Amino acid sequence: MNRTLLAEWAPQSGVMLTWPHGHGDWRPFLTQVEPVFIDIGRAVTQFEKLLVATYDEAHRQHVLQRLAAAGASMDRV
């Protein structure tokens, strides 16, 4: 089976982010890392859909609130 890694300018249907959380390797760096993910998420939603993988429902709500507060286009999340 041949596999192809598409160029960064190739058409895509969206971007997926696996959001960092305090239950894994990101724990010691969470306060520094989460603002970066918020910036990335907000930027992505200006142009296309954003799929976010979260730890659980409480984490999902936290992420949605942070993205909304940052001005992300929530209709694309």
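Buried residues are those under 20% relative accessible area, exposed residues are over 50%, and partly exposed residues lie in between (1.4 Å probe, protein chains only). By this criterion, 22% of the 77 residues in the protein are buried. The structure is a predicted model, in which local features need pLDDT of at least 70, side-chain atom pairs count only at pLDDT 80 or more, and totals for chains, interfaces and linings use all residues. Residues are numbered from 1 along each chain as its sequence is written, and side-chain values use heavy atoms, with hydrogens and water left out.

**Figure 1. Overview of the protein.** The secondary structure comprises two helices and two strands, arranged from the N terminus on as β-α-β-α. Helices (H or I, at least four residues) and strands (E, at least two) are DSSP runs, numbered from the N terminus. Taken along the principal axes, the box filled by the C-alpha atoms is roughly 40 × 30 × 20 Å. The accessible surface is about 5,800 Å², and carbon and sulfur atoms account for 56% of that surface; such areas come from the Shrake-Rupley method with a 1.4 Å probe, and for residues only the protein chains shown count as cover. A contact means heavy atoms within 4.5 Å. Of the contacts between residues at least 6 apart in sequence, 66% join residues at least 24 apart.

**Figure 2. The packing of helix α1 against helix α2.** Helix α2 spans residues 57-69, and its axis lies 10 Å from that of α1, at an angle of about 65 degrees. Axes are lines fitted to C-alpha atoms, for helices over the stretch in contact, and angles run from 0 to 180 degrees between N-to-C directions. The crossing of the two helices is right-handed. A crossing has this hand if the near helix is turned clockwise from the far one by less than a right angle, and is left-handed if the turn is anticlockwise. Glu34, Ile38, Gly41 and Arg42 of α1 meet His62, Arg66 and Leu67 of α2. These contact residues comprise two nonpolar, two polar and three charged. In this classification Ala, Val, Leu, Ile, Met, Phe, Trp, Tyr, Cys and Pro count as nonpolar, Asp, Glu, Lys and Arg as charged, and the others, Gly among them, as polar.

**Figure 3. Glu34 belongs to helix α1 and counts as buried because its relative accessible area is 9%. Beyond its neighbours within four places in sequence, Glu34 touches Trp19, His62 and Arg66. Leaving aside neighbours within four places, the contacts of Gly41 are Leu17, Leu50 and Leu67. The largest nonpolar core.** A nonpolar core is a set of buried Ala, Val, Leu, Ile, Met, Phe, Trp, Tyr and Cys residues joined through side-chain atoms within 4.5 Å. The largest one has eleven residues, namely Leu17, Trp19, Val33, Phe37, Ile38, Val44, Leu50, Val52, Val63, Leu67 and Ala72. Two or more residues each come from α1, β2 (50-53) and α2. Helix α1 supplies the largest share, four residues. In soluble globular proteins, nonpolar side chains tend to be buried together.

**Figure 4. The surroundings of Val44.** Val44 is placed in helix α1, which covers residues 30-45. Its relative accessibility is 13%, so Val44 counts as buried. Not counting residues up to four places away in sequence, Val44 touches Val15, Lys49 and Leu50. Val44 and Ala72 are 28 residues apart along the chain, and their C-alpha atoms are separated by 8.4 Å.

Figure 5. His59 is found in helix α2 and is buried, with a relative accessible area of 10%. Apart from neighbours within four places in sequence, His59 is in contact with Trp19, Pro20, His21 and Thr54. Asp39 lies in helix α1 and is partly exposed, at a relative accessible area of 40%. The C-alpha atoms of Asp39 and Ala70 are separated by 7.9 Å. Asp75, in the segment after α2, counts as exposed at 71% relative accessibility.
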